[in-house]
Amino acid sequence: MAKPKEDFSLKETKPNISGMKNTSSTSMTRHDLVEQMQFMFVKILKAKDLPGICDPYVELILGNYKGTTRFIEKKSNPEWNQVFAFKKETIQSSALELVVRDKADGSNDMIGKVMFNIGDIPMRVQPDSPLAPQWYRLEDKNGLKLMRGGELMLAVWMGTQADDAFSDAWHSDAATAVVGDMYTRSKIYHSPKLWYLRVNVIQAQDLVLRDKNRQNPEIFVRASLGNLVLRSRVSHTKNGQNPMWNEDIMFVAAEPFEEPLVLSVEDKLYPNKEESVSLGRIVIPLENSMKRVDNSPASSDFYNLDRPDQVGDQHHLQKQVKFASKLEMRISLDGGYHVLDEATNYSSDLRSTTKLTWRPVIGLLELGILNATCLQVMKAKKKCTDAYCVAKYGTKWVRTRTILDSLAPQWNQQFSWDVYDLCTVLTIGVFDNGHLEEAGKGTTHQTIGKVRIRLSTLQSNRIYTHSYPLLVLQPSGLKKMGEIELAVRFSCVSLIDMLQTYTLPLLPKMHYLSPLSVYQLDSLRHQATFITSLRLSRAEPPLKKEVVDYMLDVGSNMWSIRKTKANFDRVLEIFSGIHVVIKWVEHIRNWTNTYTTITIHVLFLLVVFFPELILPTVFLFFFLLGVWRYRNRLRHPPHLDTKLSGIDSTNEEELDEEFDSFPSRKTGEVLRRRYDRLRSIAGRMQVVLGDLATQGERVQSLISWRDPRATFIFVCFCLIASLVTYITPFRYLILYTGFYVLRHPRFRIGFPSLSQNFLRRMPARTDGMF
């Protein structure tokens, strides 16, 4: 029996959210895109007058749930300031018990307790002020007040996920005995502020060569920022003491600037080896570097180079340097660029580094992460999944709390972003929390799937609720890991500003005034993604490198035969549209449908005798076509198309090649097969591109005199044609040409036209190719 085909489609849903019930813009609230979830919050602040010297902590007991604060050593007046949240629908007890215990000597003896009846706990509704904490006297195990004193300050209330305490709370559905709740919390992160650091190395003066008799030294500049090392080209000047470069070396630097810029002028000892000797070195902090907004050049300065044998010599550094080798440079932090850290097709931010050139806010993007269903088991030993979501738009990253041991987690958390440009993409990724494997030592966070939503496809002030399939491409093929339900709304702030963005350049002006090369952009993007992942991995809780790389599509430009064939098919599909038009014209010319052909003749006569109607008719046609297609418009944001991506037609061999490392780990026969396949695909692409180039070169050859006879014929034809077109009214020329083209097939011969024959005989540059 054939295996049923898996459903990768997008499904519209109708969740029970308040935003769907009242869609007026005035009714938008902070959490109207998610289902309301009731939680019992317990905020434990501190205790006082505990008896004796103890290591106190508080244990919360609510039916089967237990939570504990951290313990504080040797203190009778401890402070915890911790919040606990218990999901109301899972509460199976009528009483909440808070027990203060002593961890000294591992005995965990009870010092005292406080009891609460669940039915008496008050309800807090946003935007009410936080509930004021109170002091409660501790009781013994028999319910009697402690004679020796002892009080606990806390607050207990009922609320929803809109509560201010929600994100920092210990959650009962995210509790684990292995690690602390830090790794399961919901958090908001911000990408570091990135700058393009431009080091324009101009020249060096008065260099002291190690070998003064050496002819034509190969001198270059090595620059390093953190772990990244770049170098200039070798100077071509003959004078080894005063070499010149006038070359830009580009880095990505992040605020705060933790690493200095280190430059070294070096002499390459051997032509075919990398070994070199340093002629001078300088360390430059970036805090005081010039910050450029426009294309105005930075001022050049001479920097004294320290001799290699004196680097780190404090006595030498304290002396006034009377004579030293110098390096002339322009160093600037270029804030007029947008530092590209994402794949170009999926950028979520297009603003420059400096705020001076930012456009006004045009809208507000709101995302409700509701739930996931049918998730795959990611932890084989525990047979469970600890899922959380990460969403990125612009520089703001958000992370939901981790739901433990659930294949159908419910997050119901809402987030928002300011929107500056509609031609941007929101990315949502779902991951399995790897911190919960071995006491937070950091195993890999496995990817469950990713969803992208392009904002320009969203209507203003409309709530989109869909269940998105979570798809992951594996060496065995495309696998559905589950589904995630999202609610998305884009609210327009200024309609005029939003429409005006369609007339503005996509990137800041600096990208056009002083464009960077493709190689520079590719190198700088890798630097930006590395710095971003490094900084976010140092947050608490950290966003692991594999999470950041997956969200930023690191490695998306690697070779893939599947993507190559898919893009090749896309090119052919574009040209197929031209082919469809040509076939339609052929049907007209062949009188396949007599009524249609007669209608075209009538329109043709109207165009010839009333030429002022040409442009109005064309624009009216596109207007009517657009109105006609409005009813067939997409009703939901576009999602992954397996047919367009070529996934449904790929095989295991091609996927194995796509997931292979670079450089490849394969050897022998496997590499030979891949090479042969690559040559076959590239050969077909080569033929198509070659044919396009040939047709263009044949047109150029008409007046290039490459074929003297053909050019002579064409020139004479142009002379005669100029006389004929001058004498004959243009209207009659068009009329004759149109009727000649649309003549009935019985008046034609089945051979190519004279012009086609002539053009095909024109020479192309293929004669000069091997």
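How many salt bridges does the structure hold?

Reply: The structure holds 29 salt bridges. A salt bridge here is a side-chain nitrogen of Lys or Arg within 4 Å of a carboxyl oxygen of Asp or Glu. Some ground rules come before the details. This is a predicted model, where local features need pLDDT of at least 70 and side-chain atom pairs count only at pLDDT 80 or more, while totals for chains, interfaces and linings use all residues. Residues are numbered from 1 along each chain as its sequence is written, and side-chain values use heavy atoms, with hydrogens and water left out.

Start with E483 and K11. Their side chains meet in a salt bridge at 2.8 Å, N to O. E483 sits in strand β28, and K11 in strand β1 (residues 11-12), so the pair ties together parts that are 472 residues apart in sequence. Helices (H or I, at least four residues) and strands (E, at least two) are DSSP runs, numbered from the N terminus. E483 counts as buried, at 13% relative accessibility. K11 is partly exposed, with a relative accessible area of 30%. Buried means under 20% relative accessible area, exposed means over 50%, and partly exposed lies in between (1.4 Å probe, protein chains only).

Next come E342 and K392. Their side chains form a salt bridge at 3.2 Å, N to O. This pair links distant parts of the chain, 50 residues apart: E342 is in the loop between β20 (326-334) and β21, and K392 is in strand β22. E342 is buried, with a relative accessible area of 5%. K392 is buried too, with a relative accessible area of 2%.

D553 lies in the loop between α6 (545-551) and α7 (561-589), and R452 lies in strand β26, so the pair ties together parts that are 101 residues apart in sequence. D553 is buried at 12% relative accessible area. R452 counts as partly exposed, at 22% relative accessibility. Some salt bridges share partners, and these join R198, D248, R292 and D334 into one network.

R198 also turns up among the contacts of S514. S514 touches R198, N295 and Y337, not counting residues up to four places away in sequence. Contact means heavy atoms within 4.5 Å. S514 is in the loop between α4 (510-513) and α5 (518-536). S514 is buried, with a relative accessible area of 18%.

Now the nonpolar surroundings. A nonpolar core is a set of buried Ala, Val, Leu, Ile, Met, Phe, Trp, Tyr and Cys residues joined through side-chain atoms within 4.5 Å. The largest core has 37 residues, of which L367, W411, W417, I484 and L486 touch the most other members. Strands that each supply at least two residues of this core include β22 (387-393), β26 (446-454) and β28 (477-492). β28 gives the most to this core, with 5 residues. Apart from it lies another core, of 30 residues, among them V199, L225, W245 and L286.

Last, the cysteines. The structure holds 0 disulfides, a disulfide being a pair of cysteine sulfur atoms within 2.5 Å. C389 is in no disulfide, and the nearest cysteine sulfur, that of C374, is 15 Å away. C389 is buried, with a relative accessible area of 0%. C718 is in no disulfide either; the nearest cysteine sulfur belongs to C716, 9.2 Å away. C718 is partly exposed, at 34% relative accessible area.
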